[in-house]
Amino acid sequence: MSPDGHPAAAAIFIGHFTMPRGTTYARHRHSFHQLAWAAKGLLRVSSERGAWLLPPTLALWIPAWVPHTTESAGDTVMRSAYVDPAASPEIRWPEPTVVVAGPLLQALIDHLGRTGLAPDARSRAEAVLLDVLHPVPVTSVSVTEPRDPRARTVARALVRDPADGRPLEAWGAEVGASARTLARLFVAETGLAFGQWREQLRMQSAMPLLAEGMTVEAVARRVGYGSASSFVAAFRRVVGVTPRQYFPVRG
């Protein structure tokens, strides 16, 4: 996962990675900026700044030297553009930034991945690629597992069944802690109140289902919402856009 060996005259090098389900590139970093894009499947990128689940309609700009982990959430083909920082001084995003991967950007990545491209043609395409990077207001979605065994038991049960809507009082009776204690543990160890943590988890659980083409209504039921409208409202509140804006879903 390194742009080493890219053509000397190139400011952008395209890397191609076939990633069967479960493939993980452990925590690493690059001296180049990286534009991570899943040409097929679903890509998960995590850093200290957050975690992002990326369908082919979105890509993630990862600034140079930012440590990150890349995983396939299903059978995935990743095509990454590695960008020389010296060639992109106008892009000053200090943190990973989600951008629209529209047809033009996708075509440019494919074009720059060709061998034998003339230097002037490559230079023009590189300039256009950098010009069409448009951020979208998408928030990273990730949850931290509590360390305390009682809160951790609750968290892991909800990972298995995010639709479980039991209040903390009911969970407390099961794990031997008061609701107040569990509430305090979630805030102290995850940085989120229990309700916020569960909502983040539900969005995280919903994303692979949406990416597979499951209808919004079916996903809403699967992750614990009584209606599609309440799920869409929660998704927009947490992620920043609607499910239909994030994924090309049916239904």
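Residues are numbered from 1 along each chain as its sequence is written, and side-chain values use heavy atoms, with hydrogens and water left out. Because the model is predicted, local features need pLDDT of at least 70 and side-chain atom pairs count only at pLDDT 80 or more, while totals for chains, interfaces and linings use all residues.

Let us begin with the chain as a whole. Its secondary structure comes to 9 helices and 9 strands; these are DSSP runs numbered from the N terminus, with helices (H or I) of at least four residues and strands (E) of at least two. The C-alpha trace spans about 70 × 35 × 30 Å along its principal axes. Of the 251 residues, 49% count as buried (buried means under 20% relative accessible area, exposed over 50%, and partly exposed in between, with a 1.4 Å probe and protein chains only). Take the contacts, meaning heavy atoms within 4.5 Å, between residues at least 6 apart in sequence: 73% of them join residues at least 24 apart.

Now turn to the second largest pocket, which holds about 160 Å³ of space. A pocket here is an open set of points on a 1 Å grid over the protein atoms alone, where a 1.4 Å probe fits, with protein on both sides within 12 Å along at least five of seven lines; lining residues have an atom within 4 Å of a point. Grid points are joined across faces, edges and corners, and the volume is the space filled by probe spheres set on the points. Ser140, Ser142, Val143, Thr144, Thr190, Leu192, Trp197 and Gln200 form the lining. They divide into 3 nonpolar, 5 polar and no charged residues, where Ala, Val, Leu, Ile, Met, Phe, Trp, Tyr, Cys and Pro count as nonpolar, Asp, Glu, Lys and Arg as charged, and the others, Gly among them, as polar.

Two of these lining residues are worth a visit. Threonine 144 sits in the loop between helix H2 (119–131) and helix H3 (149–160), and its relative accessible area of 43% makes it partly exposed. Beyond its neighbours within four places in sequence, threonine 144 contacts Glu189, Thr190 and Trp197. Glutamine 200, in helix H6 (residues 194–211), is buried, because its relative accessible area is 16%. Leaving out neighbours within four places, glutamine 200 is in contact with Ser140, Val141, Ser142, Val143, Leu192 and Val238.

Further along H6 you will find methionine 207, which is buried at 4% relative accessibility. Methionine 207 touches Leu53, Val141, Phe235, Val239, Tyr246 and Phe247, not counting residues up to four places away. Its C-alpha lies 8.5 Å from that of phenylalanine 247, 40 residues apart along the chain.

H6 is also a partner of helix H7 (residues 216–223): the buried residues of H7 pack against H6, helix H8 (228–239) and helix H9 (243–246). Those buried residues are Val216, Ala218, Val219, Ala220 and Val223. After H7 comes glycine 224, with a positive phi near 105°.

Finally, look at H3 and helix H5 (residues 179–190), whose axes are 9 Å apart at an angle of about 80°. H3 is therefore roughly perpendicular to H5. Arg150, Ala151, Val154 and Ala155 in H3 meet Thr181, Leu182, Leu185 and Phe186 in H5, a contact of 6 nonpolar, 1 polar and 1 charged residues. Axes are lines fitted to C-alpha atoms, for helices over the stretch in contact, with angles from 0 to 180 degrees between N-to-C directions; under 35 degrees counts as roughly parallel, over 145 as roughly antiparallel, 65 to 115 as roughly perpendicular and the rest as oblique.
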